[in-house]
Amino acid sequence: MIFSTLEHILTHISFSIVSIVITIYLITLLVDELVGLYDSSEKGMIATFFCITGLLVTRWIYSRHFPLSDLYESLIFLSWSFYIIHMVPYFKKHKNHLIAITAPSAVFTQGFATSGLLPEMHQSAILVPALQSQWLMMHVSMMVVGYAALLCGSLFSVALLVITFRKAIRIFDKSNHLLNELFSFSESQYMNKRSDVLRKTSFLSARNYYRSQLIQQLDHWSYRVISLGFIFLTIGILSGAVWANEAWGSYWNWDPKETWAFITWTIFAIYLHTRTNKNLQGANSAIVASMGFLIIWICYFGVNLLGIGLHSYGSFTVTSN
């Protein structure tokens, strides 16, 4: 009873803090001078991380197994993984723009897990025989951390595509507008208007430069985070194959979960391959990563909701070999 109450308290505290953090970060995006608010948002993320960590440890103690046996625990662990990814640049003393991705992702996953829509998920149950293995911690934790990293990297690629296509559309529209201005005035007005157009062009060049810098940063972070996630995903798939051989007598069964995990791995292997070609970097590779974002959610969440295959333990329950 005490552990259950503590878990309930930690859940609501962490969700409340991270919601406030997102609000603070949105304010700092509008007003860059508010450095104190930015520092507060970082401290809020750290506090939330410790709350989620306490929640997982508490559930581990009273359930007597690693908290990755059902969808509720898996979503909380996924949220915790987002905080881990967020903390890396913070401890390296870099200004952390990952919060724009990690904080909303953590709110989404934690909010769904703690919502009242599926109260039966919150109840800890005895592990089924297939899950009573030391491979539970190794396989499922690697998969979930890999999913978190791949989701963050994919969202960076989505942001890159949005900025790139908006940039292309605006440049096209504004260049046409400037040309129209140049040719729609009489000769007596031409010289005066030309100086105004040149000033506008200079302003656009400065904006385009900073936008290009942002695109390069998004591409850089997307590649680094996806590379990390790909490593965890590979380890998770390999450890799952070994576990499957112990539990079911076969390394691979083409179960729906296994099939979509392989599709996910293939998509991001293609992304990493396109990154080796300079002509395909940027928007081209970002398109592949954006496709991967949808594939991950199908693999992680969609297959479990269908309740089919060896990795299914009933309604809204995550399964593992």
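Predicted model: local features only at pLDDT ≥ 70, side-chain atom pairs only at ≥ 80, totals over all residues.
The chain has eight helices and zero strands, so read along the sequence it's simply α-α-α-α-α-α-α-α. Of its 321 residues, 44% are buried. Among contacts with a separation of 6 or more, 77% join residues 24 or more positions apart. The chain exposes about 16800 Å², with carbon and sulfur atoms supplying 68% of that.

The UniProt record (an unreviewed entry) puts "transmembrane region" at residues 12–32, 44–62, 74–91, 138–165, 221–244, 259–274 and 286–310. Take two of these: residues 221–244 are 100% helix, with end C-alpha atoms 34 Å apart, and residues 259–274 are also 100% helix, with their ends 23 Å apart.

Now the rings. The structure holds twelve aromatic pairs.

| Pair | Centre distance | Plane angle | Type |
|---|---|---|---|
| Trp252 and Phe262 | 6.5 Å | 75° | edge-to-face |
| Trp254 and Phe262 | 6.0 Å | 85° | edge-to-face |

Trp252 sits in the loop between helix 6 (187–248) and helix 7 (256–275), while Phe262 is in helix 7, so their pair ties together parts ten residues apart in sequence. How buried or exposed are these side chains? Trp252 is partly exposed at 27% relative accessible area, Phe262 is partly exposed too at 40%, and Trp254 is exposed at 56%.

Elsewhere, ring pairs link Phe49, Phe50, Trp60, Phe66, Phe77 and Trp80 into a cluster.

There are charges over rings as well: Arg224 lies over the face of Trp221, 5.3 Å from the ring centre, and the charged end of Arg275 sits over Tyr223, 4.4 Å from its ring centre.

Note on methods
Residues numbered from 1 in each chain as written. Heavy atoms only, no water. Helix = DSSP H or I, 4+ residues; strand = E, 2+ residues; numbered from the N terminus. Buried < 20%, exposed > 50% of the residue type's maximum accessible area, 1.4 Å probe, protein only. Contact = heavy atoms within 4.5 Å. Areas by Shrake-Rupley, 256 points an atom, 1.4 Å probe, with all protein chains shown as cover. UniProt positions renumbered as here; feature names shortened; annotations may be inferred. Phe/Tyr/Trp six-rings, centres within 6.5 Å; stacked < 30°, edge-to-face > 60°. Lys NZ or Arg CZ within 6 Å of the ring centre and 35° of its normal.
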